[in-house]
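Please walk through the model below with the sequence beside it, taking the helix packing, the division into domains, the backbone details and the chain contact in turn.

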Amino acid sequence: MAAADNNIIIRFIELIGRAVEAFGRILISFTEELGRVTILLTSALKQIILPPFEVKNTFKQTIEVGVKSMPVVLITALFTGMVLALQSYTGFKRFNAEIMVGTVVALSLTRELGPVLTGLIVAGRAGAAMAAELGTMRVTEQIDALETLATNPVKYLVVPRFVAGVIALPSLTVIADFIGIIGGYFVTVGLLGANSSVYWKRTWDYLEISDIYNGLIKSCFFGASIAIISCYKGFYTQGGAEGVGKATTGAVVVSSMTILISDYFLSAWLFK
Amino acid sequence: MIELIDLHKSFGKNHVLRGANLKVEKGESMVVIGGSGSGKSVLIKHIIGTLKPDSGSVLVDGTDIAKLTENELYETRKRFGMLFQMSALFDSMRVWENVAFALMRHGKLKEKDAKDIAIEKLKMVGLVGVEDLMPSELSGGMKKRVGLARAIAHAPEILLYDEPTTGLDPIMADAINDLIVEMRQKLTVTSVAITHDMHSAYKIADRIAMLYEGKIIQIGTPDEIKNTDNATVKQFITGSAVGPIQIEGVTA
């Protein structure tokens, strides 16, 4: 009996040991990866300021990240604004506060939904594309080929995508904010029959310029995060087609998580 | 002149290069042979500085590649051209843009002039009328040729070939061999090729070096290698499964 007890205790301790070990391994690999992302980021920031400037490439990437994401961002923003208006109108009606719908739509979009939803869309679209493209270039030795042609791959590949992310995200967010508010107006005034001038008055009365630019600061950060994480995942891809698949999934998952988690902390810091 | 001195390189627990020594004279064509996973690719990557040795040095005309700063290294690489195993063409660019890549980037040539040079280089490797195609529209052999045209476009002094005939049918492979010999005659370059294709090695090499267990175990002219007494080299060049070389992952 005592021997059996001892056995159980030993196995229990072993189990805990293994769990601690596994946790430690995750922590180490996370720290390692964070370190490598930071190194890539530092290298990219250095290459941004050193000539020659990758103007043509950056322009191409900005089109890729910004312009081509526009249809999805527009539809998402429009319907988000609409549903936001619909829900808050019916909700607020219960305590006769319908006149506040304009305010709720405007504040939610500029401070929160505009930057975050745009970020998530771009992470899914452009982030995945970046990781897949760079990953394929890595496994087919195109990145090595760049090096042998005396071209710094960080400068040639990462910098344009990084700059494109930082430019495109806030631009898309401005459009998303605007379209969302229009969508909210359309539902509140057009469909639910609220007073048009009250909607606009409530929108402008409580919306401060800081709501907009703090939202844009967030989206700049999201753009930088998506680009550097996705480029990192692609740049260090290993193991053929499967590796490219993993890199792409990883890029979308990690970028999205980074957006959602950092959003809380950025909001706590920016909107005191 | 290229000189590798006591080169060591490990990846984790895998000690790939274990004191490799190799000297390539100016204008010489050196072929490094060795089995799959013997570290040939690692060796050639050290010559162009995409890998740094754990210890030892890589001298190119007396300068240690491994000790250069990033910018100096990129500057030095302008003297090199490299043909990759799977050609590694940029699939987002047209054929001529691939060939003219270094010219436009470093030579600051106008697009029209760069394209003219690219067309001329493509002609040198036997390709006409493909300049506006995308790499995905080319066959394997054509891709290799475009890769070679890209490697020679900026008139390098040193050419590196990573398994130049791998993945090609025997006739196409021989055509690439002829092309490599022709390039050497026309361009007066120093070249280093890695391969496990003995037919190719005999054809393109002035000297052949065998890499085994992280070291160069024999260097000699193709004739010397053909008549070697070294059992390991003999096994490799005759392609026998029986001999001192253990086949990885297979137990007797």
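**Helix packing, domains and chain contact**

In this predicted model, helix 4 of chain A and helix 6 of chain A, the latter spanning residues 153-191, pack with their axes 7 Å apart and at an angle of about 145 degrees. The crossing in which helix 4 of chain A passes helix 6 of chain A is right-handed, and the contact between these two helices is made up, by class, of 15 nonpolar, nine polar and two charged residues.

Helix 4 of chain A, which covers residues 101-139, has a kink of about 55 degrees centred on Leu109(A). Of the 39 residues in helix 4 of chain A, 29 are buried, and the helix is accordingly described as mostly covered. After helix 4 of chain A comes Glu141(A), with a positive phi near 65 degrees.

Asn96(A) counts as exposed because it has 7 C-beta neighbours inside 10 Å, where the cut-off for an exposed residue is 12 or fewer.

At the level of domains, chain A is divided into domain 1 (1-50) and domain 2 (54-270), and the C-alpha centres of domain 1 and domain 2 of chain A lie 31 Å apart. Domain 1 of chain A gives eight residues to the contact and domain 2 of chain A gives eleven; on the side of domain 1 of chain A that touches domain 2 of chain A, five residues are nonpolar, two are polar and one is charged. A cis peptide bond, with omega about 0 degrees, joins Pro51(A) and Pro52(A), and Pro52(A) lies in the loop between helix 1 (2-49) and helix 2 (55-65) of chain A.

Turning to the contact between the chains, 15 residues of chain B are in contact with eleven residues of chain A. Helix 2 (70-77), strand 6 (80-83) and helix 4 (101-106) of chain B each supply at least two residues of the side that touches chain A, and the largest share, four residues, comes from helix 4 of chain B. By class, this side of chain B has ten nonpolar, two polar and three charged residues.

Chain B also has a backbone detail to inspect: Glu163(B), not a glycine, has a positive phi of about 45 degrees and is found in the loop between strand 7 (158-162) and helix 7 (170-187) of chain B.

Note on methods:
Residues are numbered from 1 along each chain as its sequence is written. Chains are lettered from A and ligands numbered from 1 in the order in which they are written. This is a predicted model: local features need pLDDT of at least 70, side-chain atom pairs count only at pLDDT 80 or more; totals for chains, interfaces and linings use all residues. The bend at a residue is the angle between axes fitted to the seven residues ending there and the seven starting there. A residue is buried if 20 or more other C-beta atoms lie within 10 Å of its own, exposed if 12 or fewer, and partly exposed in between; C-beta atoms are placed from the backbone. Two residues are in contact if their C-beta atoms, placed from the backbone, lie within 7 Å. Ala, Val, Leu, Ile, Met, Phe, Trp, Tyr, Cys and Pro count as nonpolar, Asp, Glu, Lys and Arg as charged, and the others, Gly among them, as polar. Axes are lines fitted to C-alpha atoms, for helices over the stretch in contact, and angles run from 0 to 180 degrees between N-to-C directions. A crossing is left-handed if the near helix is turned anticlockwise from the far one by less than a right angle, and right-handed if clockwise. Domain bounds come from an automatic or database domain assignment.
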